[in-house]
Amino acid sequence: MAQKRECMARGLVAICLAATMAFSYWPPALSESEIIRQYASPTLKITIERTAERGCNIYIARIWVAEPSQQIHKAAATWRKNLAFPGELAGEEAVLLINGSGFLSPTYPSYDPEYGKPEDNYFTSLGSIVMTGGVVLRQLDARDFTGLCLEEEGLMLRQGVPTREVAARAGETWAFLENSVLIKDRKPALREPRTPHERSVHRQFAARTVIACTDPHTFIVVSIRKNKEGYGFSLEQTALFMQRFEPEWAFNLDGGGSSAMIFRGQTLAGNQRQVFDCLYFAEE
């Protein structure tokens, strides 16, 4: 009987170990955090918690998707001089929705002449290549691409990649400024800013939206809000905060007034502002 119980115990341990290995890495919850929303299905699991640091409310969504290339989506406004609210872009299929790329405007960020005539590019996405639904909307071959790409393998961070390679592999892209890579290959990757505008974004204590990947199926989205004094996080503080999750990569998306986290149609963080595109997770 004792031998039988020992065999059963060993079997149970083996099953538990197998189950643990089958699931993606799930970083531990932060201390003094509160779980405020949850969603679970066989193909999509989301837990959203709220914590605070430096007086700023921070919303952390932990997402597991069975098929990243099929369940991560981009929704975008009509190309050229069109913006829309994220909830209008994505529709009811979005379980978790966040803002995406930065966009060109007459005042912010400062206009880059490489994009062409200003009147033809205001309110379009940043990025040396912009792809939506497999269609190339902009491609500047003279400048490499840094941003997120949705490929057959899933959601990928690409840094300094020729646009022709992006066009051959990706169906969707998201981009912000070139110094938006916070972590790469599980190592700190935030570089010093090179332009006046990059310095402004780097040092500004702003609301932030960051997406990180801990393995091909598991993602963390962080929305950092401003405190009562009107201060959020600098980019350096944001990068340090993201290191605690030990992700494979982390990328800073558009922030400030564009920063938002929407769960099943309800805005949890930020105020919905018109943007060019957004990123969302869905059942299919």
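Is Cys56 buried or exposed, and what is its relative accessible area? Cys56 is buried, at 0%. Buried means under 20% relative accessible area, exposed over 50%, and partly exposed in between (1.4 Å probe, protein chains only).

The views below show a predicted model, in which local features need pLDDT of at least 70, side-chain atom pairs count only at pLDDT 80 or more, and totals for chains, interfaces and linings use all residues. Residues are numbered from 1 along each chain as its sequence is written, and side-chain values use heavy atoms, with hydrogens and water left out.

**Figure 1. The protein chain as a whole.**
The protein chain holds seven helices and 18 strands. Helices (H or I, at least four residues) and strands (E, at least two) are DSSP runs, numbered from the N terminus. Of its 284 residues, 52% count as buried. The chain exposes about 13700 Å², and carbon and sulfur atoms supply 51% of that area. Accessible areas come from the Shrake-Rupley method with a 1.4 Å probe; for residues, only the protein chains shown count as cover. Take the contacts in the chain with a separation of 6 or more: residues 24 or more positions apart account for 66% of them. Contact means heavy atoms within 4.5 Å.

**Figure 2. The five-stranded open sheet.**
The strand order is E4-E18-E5-E16-E17, with antiparallel pairing. Strands E4 (72-76) and E17 (266-269) stand at the edges; each has a single partner strand, so one side of each lacks a neighbour in the sheet. Neighbouring strands are turned by 25° against each other on average, direction ignored. Axes are lines fitted to C-alpha atoms, for helices over the stretch in contact, and angles run from 0 to 180 degrees between N-to-C directions. Two strands pair if DSSP finds at least two bridges between them.

**Figure 3. Strand E18 and its partners.**
E18 covers residues 277-281 and is joined to E4 by five bridges, running antiparallel. Across this pairing, Ile72 stands opposite Phe281, and Ala75 stands opposite Cys278. Four bridges join E18 to strand E5 (residues 96-99), again antiparallel. Here Ile98 has Leu279 as its bridge partner.

**Figure 4. Side chains of E18.**
Why is E18 largely enclosed by the rest of the structure? Five of its five residues are buried. Asp277, Leu279 and Phe281 point one way, while Cys278 and Tyr280 point the other way. In a regular strand the side chains alternate between the two faces of the sheet. Cys278 has a relative accessibility of 0%. A search of the whole structure finds zero disulfides (a disulfide is a pair of cysteine sulfur atoms within 2.5 Å).

**Figure 5. The nonpolar cores.**
A nonpolar core is a set of buried Ala, Val, Leu, Ile, Met, Phe, Trp, Tyr and Cys residues joined through side-chain atoms within 4.5 Å. The largest has 39 residues, and Leu155 and Phe281 have the most contacts inside it. Strand E3 (residues 56-65) gives the most to this core, with four residues. Apart from it lies another core of 17 residues, among them Ile58, Ile224, Phe233 and Ala239.

Beyond its neighbours within four places in sequence, Leu155 is in contact with Ile72, Leu148, Cys149, Leu150, Trp174, Ile211, Phe219, Trp249 and Leu279. An open sheet of three strands has the order E9-E8-E10, paired antiparallel. Its edge strands are E9 (154-161) and E10 (170-174), each pairing on one side only. The twist averages 35° from one strand to the next. Six bridges join E8 (residues 145-151) to E9, with Leu148 opposite Leu157.

**Figure 6. Surroundings of Val221.**
Val221 sits in strand E14 (residues 218-224). Val221 is buried, at 0% relative accessible area. Its contacts, not counting residues up to four places away in sequence, include Tyr59, Ile60, Ile98, Met261 and Phe281. Leu97 is 124 residues from Val221 in sequence, yet the two C-alpha atoms are 9.9 Å apart.

**Figure 7. Surroundings of Thr238.**
Thr238 is found in helix H7 (residues 235-243). Its relative accessible area is 0%, so Thr238 is buried. Not counting residues up to four places away in sequence, Thr238 touches Leu182, Arg208, Val210, Ile224 and Phe233.
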